[in-house]
Amino acid sequence: MLISVLFSLRVRELCSSNNRGDWRSKFRGVLERVLFSTLTTLPCCLFLCINGIMLFTLRSKALFCETSRYILLYNLLFADTVQMALSQLLYIIAACRITLTYPVCGFLTMLANLTTVVSPVTLVVMSLERYVAVCYPLRHASIITITNTGVAIIVIWAIGSLNILTRVLLLLEFPFGALDSLQMKDFCSEIAMSGGSMSDDYDKAFTCALFISASVAITCSYIGVIVAARSASTDKASARKACNTLLLHLVQLGLSLSSTICNPLLTALARVLTRIVFVRIQNVFYVCIFLFPRCLSSLIYGIRDQSIRPVLIYYLCCRLKYSVIQPRLKAVIEVEC
């Protein structure tokens, strides 16, 4: 979690006092920070722009606002976008060597933890919705209603909030009384706000339980759809599309898990690699394993979904009228240019 700030913590430990005193090393260090910050900020801004347009797209048509799977998709994209923005904010703060107060850092890390839990749980609910749509098509409209979808979203955020409440209670072990001031001496990260061994044990147990249960739920949904696809009464095309969607959900879940378990790997690499090599590897991990999966939902649904695709392209192209446009796109895009 918050892989983006780990390199700053390790780099600070790996820098020697002699290098700090050398103006050439200082200049080189500043240049490296600017370079790496630019290389990570540009992809993040691009992904945030795509997610922002996708979120706007999902609120631009009544079809998207009144369909359960699009409402769930909006919830997933919202959580991923907040998580990406918070991560990049902490990355820039760490790169600029700015320290925060403990309350501010605690708020940011807890909010990031909340959105981290919301994403996989939302993927589970979206998988169950596809399972019901394929296996119980006649009952889908009565089971997956707007009201039930709203309740499901409330439960999703309640699960994340309960996790945050537990973490706050575990933070009572943190020795705040021994601090001279609330100003942090190190950069803000989840590691800096760790409450001790009990907090670490809870974090590992909760993460394992969350991703194991989510994996089981999505896998069972996939198996159920495959079994239903063999039935003569099932729409083969719909079942095949649902299978592909569930496989993509499993990939998204795996990428979310990989971004969660990368911290121990990076910690081990920081002890054996040189500073510059470690920072390079960390930045590749950050973009490929943390940032890109947060934008994967927009790319998947923006390209695959025939209802979203034309509207998304329309807004991505700044509402310009195409010289060649298919009649079916005109039927979907009911906005005057």
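In the predicted model, tyrosine 301 is in contact with Met54, Leu73, Met126, Thr245, His249 and Ile308, its neighbours within four places in sequence being left aside. Tyr301 also belongs to the largest nonpolar core, which holds 39 residues. Within this core, Met54, Leu58, Leu73, Tyr301 and Ile308 touch the most other members. Several helices supply the core. Two or more residues come from each of α3 (23-57), α5 (68-95), α6 (102-135), α8, α9 (197-229), α11 (275-304) and α12 (308-316). Helix α6 gives the largest share, nine residues.

The unreviewed UniProt entry annotates residues 34-58, 70-94, 100-128, 140-165, 204-229, 250-272 and 284-303 as "transmembrane region". Two of these segments were examined for secondary structure and span. Residues 34-58 are 96% helix and 0% strand. The end C-alpha atoms of that stretch are 35 Å apart. Residues 204-229 are 100% helix, again with 0% strand. Here the end C-alpha atoms lie 37 Å apart.

Nonpolar side chains also occur on the surface. Leu162, Leu165, Leu169 and Leu172 form a nonpolar patch there. Together these four leucines have about 450 Å² of accessible area. Leucine 169 lies in helix α8, which runs over residues 146-170. Leucine 169 counts as exposed because its relative accessibility is 52%, and the cut-off for exposed is over 50%.

Conventions
Residues numbered from 1 in each chain as written. Predicted model: local features only at pLDDT ≥ 70, side-chain atom pairs only at ≥ 80, totals over all residues. Heavy atoms only, no water. Patch = residues over 30% accessible without salt bridge, like charges linked within 9 Å, V, L, I, M, F, W, Y side chains within 5 Å. Areas by Shrake-Rupley, 256 points an atom, 1.4 Å probe, with all protein chains shown as cover. Helix = DSSP H or I, 4+ residues; strand = E, 2+ residues; numbered from the N terminus. Buried < 20%, exposed > 50% of the residue type's maximum accessible area, 1.4 Å probe, protein only. Core = buried A, V, L, I, M, F, W, Y, C linked by side-chain atoms within 4.5 Å. Contact = heavy atoms within 4.5 Å. UniProt positions renumbered as here; feature names shortened; annotations may be inferred.
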